[in-house]
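Reader: I have just opened my first protein model, and I would like to learn how to read it. Could you take me through it feature by feature, giving the general idea before each case?

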Amino acid sequence: MAQHTHQFIERYEGLVGFGLDRETDENTIICYLQQFSDDAVMTAIIKRLEDSELAEVFDLINRLLRRHFSEAEYHRLFLKDDDRDGEERPC
């Protein structure tokens, strides 16, 4: 059974646009990230990204995870590591 889901983009019927209000901005970011992470999109773009762009995406994601998730949330939500033995591991 797959651990990752992208159901929001499949069900969302609202406006996709940025700058109107916080809720629409949040929903737009979810839509963009789920569309961007689609396997076909990733396959098409990954080899086109420059090294600096790869690093930029990696650094942004890691910075956001470190800032907004606890160690436990990082493992449970991002890594899908529900079987952790309780030991602390770096992000």
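Author: Let us begin at the surface. V57, I61, F78 and L79 make a nonpolar surface patch of about 310 Å². Patches are built from residues with over 30% relative accessible area and no salt bridge, where nonpolar side chains (Val, Leu, Ile, Met, Phe, Trp, Tyr) are joined within 5 Å and like charges within 9 Å. The accessible areas come from the Shrake-Rupley method with a 1.4 Å probe, and for residues only the protein chains shown count as cover. Please keep in mind that this is a predicted model, in which local features need pLDDT of at least 70 and side-chain atom pairs count only at pLDDT 80 or more, while totals for chains, interfaces and linings use all residues. Residues are numbered from 1 along each chain as its sequence is written, and side-chain values use heavy atoms, with hydrogens and water left out.

Reader: Where does F78 lie, and is F78 buried, partly exposed or exposed?

Author: Buried means under 20% relative accessible area, exposed means over 50%, and partly exposed is what falls in between (1.4 Å probe, protein chains only). F78 lies in helix α5, which covers residues 71-78, and it counts as partly exposed because its relative accessibility is 39%.

Reader: How many helices and strands does the protein have?

Author: Helices (H or I, at least four residues) and strands (E, at least two) are DSSP runs, numbered from the N terminus. The protein has 5 helices and 0 strands, and along the sequence the pattern reads α-α-α-α-α. Of its 91 residues, 14% count as buried, and the protein exposes about 7700 Å², of which carbon and sulfur atoms supply 54%.

Reader: Which residues gather in a patch of negative charge?

Author: The place of a charge is taken as NZ of Lys, CZ of Arg, CG of Asp or CD of Glu. Here E50, D51, E53, E56 and D59 gather in a patch of negative charge on the surface. One of them, D59, is found in helix α4 (residues 51-68), and D59 counts as partly exposed because its relative accessibility is 43%.

Reader: How many salt bridges does a search of the whole structure find, and which side chains meet there?

Author: A salt bridge is a side-chain nitrogen of Lys or Arg within 4 Å of a carboxyl oxygen of Asp or Glu. The search of the whole structure finds 1 salt bridge, in which the side chains of R22 and E26 meet at 2.6 Å, N to O. Both R22 and E26 lie in helix α2, 4 residues apart, which is about one turn of the helix. R22 counts as exposed because its relative accessibility is 64%, whereas E26, at 37%, counts as partly exposed.

Reader: Which residues are in contact with I9, leaving aside its neighbours within four places in sequence?

Author: I9, which is found in helix α1, is in contact with C31, Q34 and Q35 once those neighbours are left aside. The C-alpha atoms of I9 and Q34 are 6.6 Å apart in space, although the two residues are 25 residues apart in sequence. Q7 also lies in helix α1 (residues 7-11), and the C-alpha atoms of Q7 and C31, 24 residues apart along the chain, are separated by 9.9 Å. For the protein as a whole, residues 24 or more positions apart account for 23% of the contacts with a separation of 6 or more.

Reader: What is the phi of K80?

Author: Most residues other than glycine have a negative phi. K80 has a phi near 60°, a positive value in a residue other than glycine. K80 sits in the segment after α5, and it counts as partly exposed because its relative accessibility is 28%.

Technical notes:
Lys, Arg positive; Asp, Glu negative; His and termini not counted. Contact = heavy atoms within 4.5 Å.
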